[in-house]
Amino acid sequence: MPQNTGPKEFGAYLDEVAGEDELLRPAAVVLRAIAAAGVEMSRLIGLGRLGGQLGASLGSMNTDGDVQKELDVVANEIFVNTFRQAPVAAVLSEEMKEPLTLDPKGPVAIAMDPLDGSSNIDTNVSIGTIFSILPTVADANAEAHFLQPGRKQIAAGFVIYGPQTSIVLALGDGGTQIFTLDRRDSQFHQAPSAPLIAKDNPEYAINASNFRHWEAPVRAFIDDCEQGAEGPLKREYNMRWTGSLVADAYRILMRGGIFLYPGDERAGYGSGRLRQLYETNPVALVVERAAGSATDCIRPMLDIVPAAIHAKVPFVFGSPVLVELIARYHSDPQFSDRAPLFGKRGLMRR
Ligand code: FDP
């Protein structure tokens with residue numbers, strides 16, 4: 001790890017961390033492209049409705065069956081075009097059914113969600129671009145580059161377009177760093193300190209409207225959080241759900257807590273809603289590198305071999321104490337069994 005010699009401009013940081021490494025150097029080229037496209041996206045999103053109907057539905061669907069918004073498609077074009085100038089073998093995007101081969105000899109492949117949180121475009125809530133850079137697999141087809149566990153990521157993170165536009169980045173062996181766009185010079189500058197996720201903070205984020213669809217351990221955990229100091233967890237919990245993964249992830253980087261998008265019983269939600277290659281894996285890497293934990297409720301997210309390029313996976317991340325607690329709700333019946341025996345612990349509410 002290079003010595004931290006103080007806040008840096010994004011490009012200078014990339015040069016320092018990448019050095020002469022044969023994979024980090026091309027990754028750095030891709031990251032510069034992401035930063036440039038991020039400036040363009042930030043400007044476009046900042047115009048809001050002055051820029052046209054960016055949140056308007058196009059009537060088409062993405063790979064997941066979500067209705068595509070104009071900004072989803074524009075974002076995809078902006079990023080794919082910028083990668084054409086970079087040493088990228090293939091791009092996988094939420095907006096494209098198949099990976100797109102660019103430079104077959106390129107040493108890296110990139111998976112991305114060009115516009116995450118698109119249901120929030122019109123609401124002026126932070127949205128983002130999530131990216132994951134992987135080394136290519138020799139003599140393999142484009143899909144094989146992406147079907148590697150998240151631990152293989154050379155770099156990953158997200159650009160968040162909010163009151164501040166920032167890049168949250170984990171590169172190489174370095175920790176997670178944040179670079180904020182200075183709109184005066186259109187450059188990203190390193191934040192004075194790296195984010196460090198609090199070991200514990202009783203604040204949870206989950207779409208609680210799905211309570212009745214969740215599996216028993218998740219219902220039990222949220223039930224216990226809601227009971228506060230009078231319940232078995234014996235402390236007050238706070239709840240925050242932005243409904244935009246990058247915004248919820250950024251908050252957790254800043255002050256800890258736990259995020260959950262578990263599998264549930266709704267059709268198509270057996271493994272939750274979030275896609276492994278361009279949502280959970282990159283967020284898991286920045287979370288782990290900032291001293292947090294990330295799992296599928298039980299297994300470390302970064303160790304899970306993706307089942308398919310657009311596979312979904314249950315996702316839990318945040319303060320290690322809370323991520324461990326949700327695993328115990330899954331493994332130890334004392335935590336999750338609401339049978340009368342356990343009712344004696346005062347866990348029965350419904
Ligand atoms: P969106 O559909 O607005 O793009 O994966 C996409 C995502 O948002 C995440 O950003 C967010 O965490 C989640 O879906 C919200 O899901 P719910 O609508 O089920 O709450």
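Reply: Let's start with the pocket itself. Its lining is made up of 20 residues, and those nearest the centre are Ile-45, Gly-46, Gly-48, Ile-121 and Asn-124. (A pocket here is an open set of points on a 1 Å grid over the protein atoms alone, where a 1.4 Å probe fits and protein lies on both sides within 12 Å along at least five of seven lines; lining residues have an atom within 4 Å of a point.) The model is predicted, so local features need pLDDT of at least 70 and side-chain atom pairs pLDDT 80 or more, while totals for chains, interfaces and linings use all residues. Numbering runs from 1 along each chain as its sequence is written, and side-chain values use heavy atoms, without hydrogens or water.

The second largest pocket has a volume of about 360 Å³, the space filled by probe spheres set on grid points joined across faces, edges and corners. Helix α2 (residues 24-46) gives the most to the lining, with three residues. (Helices are DSSP runs of H or I, at least four residues, and strands are runs of E, at least two, numbered from the N terminus.) By residue type, the lining splits into nine polar, eight nonpolar and three charged. Ala, Val, Leu, Ile, Met, Phe, Trp, Tyr, Cys and Pro count as nonpolar, Asp, Glu, Lys and Arg as charged, and the others, Gly among them, as polar.

Now for the ligand. It is surrounded by 14 residues, and the closest are Ser-119, Leu-245, Tyr-261, Arg-273 and Glu-279; to qualify, a residue needs a heavy atom within 4 Å. The side chain of Ser-119 puts an N or O atom 2.6 Å from a ligand oxygen, and the side chain of Arg-273 also has an N or O atom 2.6 Å from an oxygen of the ligand. Ser-118 comes in through its backbone, where an N or O atom lies 3.1 Å from a ligand oxygen.

Buried means under 20%, exposed over 50%, and partly exposed in between, using a 1.4 Å probe and protein chains only.

Leu-245, one of the closest residues to the ligand, is also among the buried residues of α6, along with Asp-248 and Arg-251. Helix α6 (residues 245-255) has nine of its eleven residues buried, so the rest of the structure largely encloses it. Just after α6, Gly-256 takes a positive phi of about 80°.

On to the charged pairs. The model has 14 salt bridges, each a side-chain nitrogen of Lys or Arg within 4 Å of a carboxyl oxygen of Asp or Glu. Arg-151 pairs with Asp-303, with the closest N and O atoms 2.8 Å apart. The two partners are 152 residues apart, Arg-151 in the loop between α4 (142-146) and β7 (155-161), Asp-303 in the loop between β14 (293-295) and β15 (315-318). Arg-151 is partly exposed at 41%, and so is Asp-303 at 44%.

Arg-235 meets Asp-200 at 2.9 Å between the closest N and O atoms. Arg-235 lies in the loop between α5 (216-227) and β12 (238-239), and Asp-200 in the loop between β10 (187-190) and β11 (203-205), so this bridge ties together parts 35 residues apart in sequence. Arg-235 is partly exposed at 25%, as is Asp-200 at 31%.

Arg-266 bridges to Asp-264 at 2.7 Å, N to O. Here Arg-266 is partly exposed at 22%, while Asp-264 is buried at 6%. Elsewhere, shared partners join Glu-203, Asp-248, Arg-251 and Arg-255 into one salt-bridge network.

Ser-186 has a positive phi near 55° without being a glycine; it sits in the loop between β9 (176-182) and β10 and is partly exposed at 39%. Ala-291, not a glycine either, has a positive phi of about 75°; its place is the loop between α7 (276-289) and β14, where it is partly exposed at 40%.

Notes: Polar contact = N/O pair within 3.5 Å; in protein donor to acceptor, adjacent residues only side chain to side chain.
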